[in-house]
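Here is a short report on selected local features of one protein chain. Have the sequence and the structure open as you read.

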Amino acid sequence: MSTPSQADEAQHMRAALSLAARGLGNTWPNPAVGCVLVRDGIVVGRGWTAPGGRPHAETEALRRAGEAARGATAYVTLEPCCHWGRTPPCTQALIAAGVSRVVVALRDPYPKVDGEGMRQLRTAGIAVEEGLLEAEARALNAGFLARLAEGRPLVTLKLATTLDGRIATRTGESRWITGPEARARGHLLRATHDAILVGSGTVLADDPDLTCRLPGARPRPILRAVADARLRTPPAARLFSTPGPVVVATTPREDTGARAALEAAGATLLDVAPAPGGGLEPLALMRGLAGLGVTRLLAEGGGALAAALLRAGLVDRLAWFHAPAAMGGDGLPAIQPLPVDSLAGMPKFRRTAVTPCGADLLSEFERI
């Protein structure tokens, strides 16, 4: 059996990472994992985490490989699970299949795994290596890791504005600032996140359905969440007439009539501590959504919600669509006052990508 080169090893792990990315937005609360099985330099099996988190990537790759898995190397983006849940542990499946070597990109920090999976494999006589393309694997599963480490999801703030940062005219007109290509890219963002969050003002102004309308992109309906401290969301909103769960986050209150009406419409009520200045306490809201299993959250506005998340330091990634037009200072700003008294107090980001979307431009950033 020939020894694979470092370039070959990296290529196989990149393939596994690409497979894992297919599960983003559909596997929560489980991580999105990819697995490639290689024997004598030939790929004999591939798998990725299925919608809802089951079956796991390793068992899917083993199923496709069949007897060819014996003696193969498994390239896995996250440490194989080693505990019983709704399915048997992947470590036992790899051992039973006769895999000779497992290359892991990233150790799973979940307390029931966290190195135990690799220990079980080594005890069974399987060679295990850890850390190949770890940074890429960490970025892919940043939401899963944030939920474990910080008790909150990864938060991407999506904005679609004019060049001067406006989301609506002074009369409230906002459809459409960006063109069809940018809107399609926005739906791709929805496809790779577990949940969308908007403020109640957005629901009242636009009555959006907040679904992903890319054909075949989401086998699992996206969770739609509304930050609504005052329970202003109408039970007749379009949110409740389209497929997928709806969560209305509000403050604990005795307004049983409004609560009952929203629950009758199909909403799940999530009680969140109020913020001192009004609205919902942002970190409490994030932890409440994480408690429902959300690992990747796409916040789509409006300006008050964007400002609250930025003030709290909770925006991990920023996806900003710019239309080649200007509206002026009397337009509605994408971000309401933070406020910022000094340049040092500004939330700061590092640009990671710039993508043309028809006439518009998508700039992507990570928090510094």
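Glutamate 281 caps the N-terminal end of H10, with a side-chain oxygen 3.1 Å from the backbone nitrogen of leucine 283. The model is predicted. H10 has these buried residues: Pro282, Leu285, Met286, Gly288, Leu289 and Ala290. Just after H10 comes glycine 293, with a positive phi of about 105°.

Threonine 295 sits in the loop between helix H10 (282–291) and strand E12 (296–301). Is threonine 295 buried or exposed? Its relative accessible area is 5%, and buried means under 20%, so threonine 295 is buried. The side chains of threonine 295 and aspartate 194 are joined by a polar contact of 2.6 Å. Leaving aside neighbours within four places in sequence, threonine 295 is also in contact with other residues, among them Trp28, Pro29, Gly143, Phe144 and Arg147.

## Arginine 190

Arginine 190 belongs to helix H7. Its relative accessibility is 9%, so arginine 190 counts as buried. What lies 2.6 Å from a polar atom of the arginine 190 side chain? The backbone oxygen of threonine 211 does.

Arginine 190 and leucine 298 are 108 residues apart along the chain, yet their C-alpha atoms are separated by 7.0 Å. Setting aside neighbours within four places in sequence, the contacts of arginine 190 include Leu298, Glu300, Ile196, Cys212 and Arg218.

## Cysteines

How many disulfides does a search of the whole structure find? The search finds 0. Cysteine 82 is in no disulfide, and the nearest cysteine sulfur, that of cysteine 81, is 7.1 Å away. Cysteine 357 is in no disulfide either; its nearest cysteine sulfur belongs to cysteine 212, 15 Å away. Cysteine 82 counts as buried at 10% relative accessibility. Cysteine 357 counts as buried at 5%.

Most residues other than glycine have a negative phi, and most peptide bonds are trans. The table lists exceptions.

| Site | Feature | Value |
|---|---|---|
| Arginine 54 – proline 55 | cis peptide bond | omega about -5° |
| Arginine 175 – tryptophan 176 | cis peptide bond | omega near -5° |
| Aspartate 207 | positive phi | about 45° |
| Leucine 231 | positive phi | about 50° |

Proline 55 is between strand E2 (42–48) and helix H2 (57–65). Tryptophan 176 is between strand E7 (166–168) and H7. Aspartate 207 is in the loop between helix H8 (200–206) and strand E9 (223–227), and leucine 231 is in the loop between E9 and strand E10 (246–250). Aspartate 207 counts as partly exposed at 28% relative accessibility. Leucine 231, at 9%, counts as buried.

## The second largest pocket

The second largest pocket holds about 560 Å³ of space. Its lining is made up of 24 residues. Which of them lie nearest its centre? They are Leu24, Thr192, Arg296, Arg317 and Glu364.

Elements that give two or more residues to this lining include helix H1 (6–21), helix H5 (134–140) and helix H7 (180–191). By class, the lining has 12 nonpolar, 5 polar and 7 charged residues.

Methods: Residues are numbered from 1 along each chain as its sequence is written. This is a predicted model: local features need pLDDT of at least 70, side-chain atom pairs count only at pLDDT 80 or more; totals for chains, interfaces and linings use all residues. Side-chain values use heavy atoms; hydrogens and water are left out. A disulfide is a pair of cysteine sulfur atoms within 2.5 Å. Buried means under 20% relative accessible area, exposed over 50%, partly exposed in between (1.4 Å probe, protein chains only). Helices (H or I, at least four residues) and strands (E, at least two) are DSSP runs, numbered from the N terminus. A polar contact is a pair of N or O atoms within 3.5 Å; within protein, one must be able to donate a hydrogen and the other to accept it, and residues adjacent in sequence count only if both atoms are side-chain atoms. Contact means heavy atoms within 4.5 Å. On a 1 Å grid over the protein atoms alone, a cavity is a set of points where a 1.4 Å probe fits but cannot get out, and a pocket is an open set with protein on both sides within 12 Å along at least five of seven lines; lining residues have an atom within 4 Å of a point. Grid points are joined across faces, edges and corners, and a volume is the space filled by probe spheres set on the points. Ala, Val, Leu, Ile, Met, Phe, Trp, Tyr, Cys and Pro count as nonpolar, Asp, Glu, Lys and Arg as charged, and the others, Gly among them, as polar.
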